[in-house]
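Welcome! Please take a moment to look over the sequence and the 3D view, and then we can walk through a few places together.

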Amino acid sequence: MKLPVVRIQRFCMHDGPGIRTTVFLKGCPLRCKWCHNPEMQKIEQEMFYTPSKCIHCRMCMICKNNAHVFTSQGHFYDRSKCRLCGNCAAMCPGKALETVCRMMDLDEIILEVMQDAAFYGKNGGITISGGEPMMHPVETIALLKAAKEKNLNTAIETSGYFDKEFLPVLCKYTDTFLWDFKDSDNARHIENTGVSNEQIIENLLIADKLKANIILRCILINTINFTKDHIKEIAALYKKLNHCTKVKFFSYHPMGSSKLERLGCSNNGKTEWMVSEKDINWAKSEFLRNLEAE
Amino acid sequence: MEFFTAYKEPRPVRLPEMTRTFAYESLHYKYGRDTWENQAVSLDHIPNFDQLSTLEKYNAAIFEIASNAPIRVCENELISGAATLGAAIKHMVPATYNGKLLFDSVSHLTLGFDNVLKFGVNDIKKRINKSLSNQTNKKNIETLKSMLHCINCLEIWHGRYIEALSRSKKYAGNLKNLQNVPFQPATSFYEAVQSLWFTFAFTRLCGNWPGIGRIDAMLGPYLKKDLAQGIITIQQAREVLAHFFIKGCEWVRGGDYEGGDAQHYQNIILSGVDENGEDITNEVTYLVLDIIEELGISDFPITVRVNKNTEITLLKRMAEVIRHGGGIVAVYNEDLILDALTDFGYDLKEARTFANDGCWEMQIPGKTCFSYAPFDALKLLQDATLAGYDKNKTCFDTYEGLYQKFLEDLKEAVENIYKECSYDSEYWNLRAETPCSVVSLFTEECIERGLSYFDGGAKYYVISPHIGGLPDVVNSLYAIRRLVFEEKKVTFPGFMDILKNNWEGYEPLRQYVLNHYEYFGNDNDEVDRIAVQLLDDFSDICQSLNGRSIILYPAGVSTFGRQIQWAPERMASPHGRKKGDVLAGNLSPTPGTDLKGATAVIKSYCKANMKKLVSGAALDINLFPTTVYDNEGIEAIIGLIQGFVKLGGFFMQLDVVDNNILKQAQVHPENFPTLSVRVSGWNARFVTLNKEWQDMIIQRVSKENA
Ligand code: SF4
Ligand code: SF4
């Protein structure tokens, strides 16, 4: 069994308890406009091209499809001709060309995750993120199961948008759900992510019934969901949950934007979407206020 | 009044305002500048000075210092005594004749202050007199008499403080507390702190830079007793001890110096086991952490001896201090170090008392005369093994052949160290003549043997060969192996030419080597194995020097800051670096090559058989402030420390550094006068480092975190 792995990041601290290793998978059913990891949206292979790293050595001309053209204007990479075989990336000296993911066996992933076993202690372990790991439900669940067999603490970061049939077995192998809750207003949710939030909320409630340990992660985006109503709805949702241990607010960050350019897309990130530290604190207190107000 | 922190929240406040003000002023150079203004006492008035023997001149210098060094009693201080002569900051005995400083002083040692607390200086005097009655050799008698003379000088200096304190009623408490110590054994915690400080300050006043050692082991029992009897509260104890730390900033003076403005070498060791293997962690351990957490005083580099049984409460407190930045608290893996020391031949009981030389090299405190001999292994590879990249003088058909030749060159380098500093060498004999009676007083067996610290009095003589640039040698060998022998992208002679020409015209190849290979520090077995093998071979070579004379030769790894001065001497390196680049420090990865974060760095480092590196190998880990936010940050630091110990690391300096802040501080030093960073074995105020050193610190912050 194989998974498309974009990155395995060691020494992660904020993806669940303790020191963790986070496995980022490619593929996501949502298309959030503010996506932090746009290279993990499409399930297919893609190519990063970073012109600033190109030293014009022309090694990439080995491409059989002539996707790399050199003119007096410089290096032009014609994505329409590229078949994503990765041959040019393997040659490119400065990694100006880089394939986004590689297919990895589950064993191989576990082996790499176990490299940091000495640091996990009781709490730390593996976090599977993406993308939406549940784009690959069978493999993701198998990976979680394999991690459990190694006595690792397991966490999954999910949008919650997946077939609910998988929840019982998913909960069985998952110690912590980092549940990304994007918007409580369904019309806005559809407009900005491309999908409805109904399935997400339903799954969340089912997971809670299954006693899943849940951390709600709420992104705040100025001019989109940074509203009193949204915070109020989060509080209302939280009240329905019996096993949600934490609600975390964090700001949109334009770090996904530069990656979009490297994927050959236009940068649609907006700095005005960011909220300040103060806004986050406001959201926290507003949330608490709503909890207390019965 | 704010004390700098890299953390998002301010440092906690526990001490009274008065003490905090004292700390603030001290950290902002108030006393350091004063010290710097009075450089030295003069010996010009002594008749026929030229005709005196070296030892007599030294005796005169100590007498003059004790009698005439300025006396300083700081406003509101709780303990007294001050090293007020500026030349001591230059590592010299601060006494001049015809405008010249005469004697170098002593560092790289931790003195036996515990004996002073327990038995008092009068007991030392008694021992000297007893030894005198047994000696017949004239030199030995003179040596012992000089030691007695130094005690007399200490008495003179003490008398001057007693007199100064009695001038104002305000200091009645200090006066009473200083009355009997350090001559009598300390009877209370307060007296013990004063006794330790006064003795330490006297040795510093005379120019020496001793480490302090296991402060909690020394002071803890006094505090325990006083707390039980209700003589002192924990708040009072914290305040008294805080004054010890504040007074320890008396040499920081602002301005930039190589290696930074700092009180070098006054290292402190916390926690760990006693001679019988019992945990000594006590109230003082925690008070020390409280104090530096609050005041951010970085001038006593602290290393905590962590073992597999260390309480999580202690680890948590360490983590809380570490996340404020300043690089104050480092970690020793006690279990491993005890194994290393006993394997090397030290008796277990003695090994358990270990402290350091003021950086991090292990030693048995109060019994050891230590020095180290650093050399640049990367330069050795480039100049000797690869003959300055002259393709006509060097060519290898296999990687093994290359490695064997490097080992031969390494062996020769270590043998040269042996020849140059061995017993009876010029170095040895010259050093033996350097008078050092103040230090001999607090070194076990000097008295009984009637010999000085440098001249056979100490129980252990140690010269540690220190290999520097090792990660770069490993990376160089690895790049050659891959590029020339495995991938055959270039021929050996061809590659020599490329390197000789500093990669000129071969940028794509250089980029390839930089970006397509994983180097030491990424937990990649293929390259790490070279490091393991090289360290093993190096320690074996050093081990072969032991037994030839009374000198011990434990292997060590360090550069401290030497990677800066070495940079212009080195040629381009095979792993893609150009001439003049500042490369790896200590046993840390080459800057910019650690792409997998702190845990991978620790793992690469820990693969080496550290037990054989008896003198130690330091690993520098820099964390980005946001990584250590909140409880997760505490967990992360604890996890790193526990992992480090579990994996068999030796010594780790953890710092929290924000590159942006460092860059701001370069532009606006005036806004960051006390921002301190771990340099290497010591901490210094960032803005007082010169540009090259500042850049080195900035580069060192892992690429991943930048
Ligand atoms: S990935 Fe393959 S097809 Fe695409 S540009 Fe590179 S070599 Fe050509
Ligand atoms: S191989 Fe890489 S560096 Fe060379 S021209 Fe192509 S993209 Fe640029």
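Which residue of chain A forms a salt bridge with B:Glu632? The partner is A:Lys248, and the closest N and O atoms of this pair are 2.9 Å apart. A salt bridge here is a side-chain nitrogen of Lys or Arg within 4 Å of a carboxyl oxygen of Asp or Glu.

## Before you read on

This is a predicted model, in which local features need pLDDT of at least 70 and side-chain atom pairs count only at pLDDT 80 or more, while totals for chains, interfaces and linings use all residues. Residues are numbered from 1 along each chain as its sequence is written, chains are lettered from A and ligands numbered from 1 in the order in which they are written, and side-chain values use heavy atoms, leaving out hydrogens and water.

## Where chains A and B meet

Between chain B and chain A there are three salt bridges. The interface also holds 10 residue pairs in polar contact, both residues being at pLDDT 80 or more; such a contact is a pair of N or O atoms within 3.5 Å, where within protein one must be able to donate a hydrogen and the other to accept it, and residues adjacent in sequence count only if both atoms are side-chain atoms. On the side of chain B that touches chain A, helix H23 (507–516), H26 and helix H27 (630–646) each supply at least two residues. The largest share, eight residues, comes from H27(B).

Helices (H or I, at least four residues) and strands (E, at least two) are DSSP runs, numbered from the N terminus. In total, 28 residues of chain B are in contact (heavy atoms within 4.5 Å) with 25 residues of chain A. The two chains bury about 2,100 Å² between them, 58% of it on carbon and sulfur atoms; this is the accessible area (1.4 Å probe) that two parts lose on being put together, summed over both.

## An enclosed strand in chain B

Strand E8 (residues 302–306) of chain B is largely enclosed by the rest of the structure, because five of its five residues are buried, meaning under 20% relative accessible area (1.4 Å probe, protein chains only). B:Ile302, B:Val304 and B:Val306 point one way from E8(B), and B:Thr303 and B:Arg305 the other way. In a regular strand the side chains alternate between the two faces of the sheet.

E8(B) runs parallel to strand E9 (residues 329–333) of chain B, joined by five bridges. Two strands pair if DSSP finds at least two bridges between them. Within this pairing, B:Thr303 has B:Ala330 as its bridge partner.

Key. Buried < 20%, exposed > 50% of the residue type's maximum accessible area, 1.4 Å probe, protein only.
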